[in-house]
Amino acid sequence: MIKAIRGTRDILPPGSNEWQKVEDLSRRVFRLFGYSEIRTPIIEETALFVKSVGEETDIVKKEMFSFVDRGERDISLRPEGTAPIVRAYLENNLDKTDPFQKLYYIGPMFRAERPQAGRLRQFHQIGLEAIGSNSPALDAEVINVLIRLLETNGIKKYELKLNNLGCREDKKKLSKTLKEVFSEKTVSARLCEDCKRRVATNPLRLLDCKEEGCRLVIREHFKNVEFLCSDCKEHFAEVLKFIDLLKIPYSVDPYIVRGLDYYTRTVFEVTHKDLGAQNAIGAGGRYDNLISDMGGPSLGACGFALGVDRMIMALGKDAETVKAAAGIDLFVATIGKEAYSKAFLLLNELRGAGVSCDIDYELRSLKSQMRSADKQAARFVMIIGDDEVAKSEAVLRDMKTREQTNIRFPDLVNSIKGKIC
Ligand code: HAM
């Protein structure tokens, strides 16, 4: 039997109802904050990610699903959403027609990481990109949307950490200092193999190495390093002022650098207490050079992405809760052929009136039909037999209270609508 590819999975009902709920609530939050949806292709030129995410990052070096197509083009499945959105922004001349854009996206991303709980090769992100402003109020708003998304979806045990990476010059300064400090022989000898390589290729990534040994060495040697210019310091102070105004709890963590090269100034990460090793539920930051690096004008921008798979894990709802929440309004059970035809027609009327309802298609016994009603978590069951058709009425059972009432056919739709509202 052919199976789903490792690190990918099917999202089946009733679990898919939970996904829809998260997506619907998130769209509502984005609308509240004035964000509009953007949809970009799943495949892009590989060069887009090499240029933006960075040649030396894990994503580009080891994790992209890349291939050469029939036209000899280097193509990759998108590992993230920011670079494609900046590409779309510039390609569609938004920088010229309407430079300030507040865009959101929901969709699958692909990274060839080693699969484990909460880490997939096809995962899903809900994110936003606000392009065209340097205002620190925007950083705070972006963080506010992220927090509002978590709260609206009922996710509580999260923790927000912020850092200031500074502008490109500040980052260069920091990289240079890190290179100097950590290439010193006795220090370097204590680093993991990856970090030994990072000293030369991407020193900033030393700061967020998860290896315990490296964390110790880095905390010993990375202290009070001054690398931020006064503008960047001021920008961050303003961001924090706005976040304080919104009363969003956070801590500043100087070891947050993020695994994508395009970040400048504010970066942030949200972790969740119940998610185990893969506890980053969302992350983002400013990327003030990306638009110009991609050939556009010099414009500030800021964004984030939440991992939907991890949001669903954090919600931790069991199958029964999800099923109950996703249940239908009414199951129509029938006894006899005449009753089935009547019910079939009624079903159409009920659906037209906005009542979600279903019926058995196999003319099974009443007992099995009641089992189906249960399986679909129906709020009410309507029972129609040939006798009821003769009397022009149906029996309605409330599945919560187990009460039964008789309702005449002409009153059915209104009566049921009244009960489910
Ligand atoms: P990222 O930190 O690479 O940022 O990913 C954001 C979130 O996607 C992570 O916090 C995590 O929840 C989820 N995620 C990432 N990889 C996986 C995986 N293999 N399996 C499951 N979930 C995963 C970005 O992608 C940036 N584009 C965010 C951004 C937007 N920055 C500015 N604008």
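This report describes the overall form of one protein chain and then several of its local features.

**The chain as a whole**

The structure is a predicted model. The chain contains 18 helices and 16 strands. Its radius of gyration is 27 Å, well over the 22 Å that the globule rule gives for 421 residues, so the chain is more spread out than a compact globule. Along the principal axes, the C-alpha trace spans about 90 × 50 × 45 Å.

The chain is divided into two parts: domain 1 comprises residues 15-167 together with 229-317, and domain 2 comprises residues 330-416. The centres of domain 1 and domain 2, taken over C-alpha atoms, are separated by 48 Å.

Of the 421 residues in the chain, 51% are buried. Contacts can also be sorted by separation along the sequence. Among contacts between residues at least 6 apart in sequence, 70% join residues at least 24 apart.

**Helix H9 and its two faces**

Helix H9 covers residues 193-201, and within this helix Cys195, Arg198 and Val199 are buried. Why do these residues lie on the same side of H9? They cover an arc of only 110 degrees around the axis, which puts them on the same side of the helix.

On the face of H9 turned away from the buried side, the exposed residues are Glu193 and Ala200.

**A three-stranded sheet**

Three strands form an open sheet in the order E2-E4-E3, with antiparallel pairing. Strand E2 (43-45) and strand E3 (66-68) stand at the edges with a single partner strand each, so one side of each is left without a neighbour in the sheet. From one strand to the next, the twist averages 35 degrees.

The pairing of E3 with strand E4 (residues 74-77) is antiparallel and consists of three bridges. Valine 68 stands opposite aspartate 74, a residue of E4.

**Individual residues**

Some single residues also deserve a description. The peptide bond from proline 13 to proline 14 is cis, with omega near 5 degrees. Proline 14 is found in the segment before helix H1 (15-32).

Asparagine 93 is located in the loop between helix H4 (82-91) and helix H5 (94-97). Serine 392 is located in the loop between helix H17 (386-391) and strand E15 (393-398).

Is serine 372 buried or exposed? With a relative accessible area of 18%, serine 372 is buried, since the cut-off for a buried residue is under 20%. Serine 372 is placed in helix H16 (residues 366-375). Leaving aside residues up to four places away in sequence, serine 372 touches Phe331 and Arg364.

The table lists the accessibility of these residues.

| Residue | Relative accessible area | Class |
|---|---|---|
| Asparagine 93 | 34% | partly exposed |
| Serine 372 | 18% | buried |
| Serine 392 | 24% | partly exposed |

How values were computed: Residues numbered from 1 in each chain as written. Predicted model: local features only at pLDDT ≥ 70, side-chain atom pairs only at ≥ 80, totals over all residues. Heavy atoms only, no water. Buried < 20%, exposed > 50% of the residue type's maximum accessible area, 1.4 Å probe, protein only. Helix = DSSP H or I, 4+ residues; strand = E, 2+ residues; numbered from the N terminus. Arc of directions from axis to C-beta. Domains from an automatic or database assignment. Pairing = 2+ DSSP bridges. Axes fitted to C-alpha atoms, helices over the stretch in contact; angles between N-to-C directions. Rg over C-alpha atoms; globule rule 2.2 N^0.38 Å. Contact = heavy atoms within 4.5 Å.
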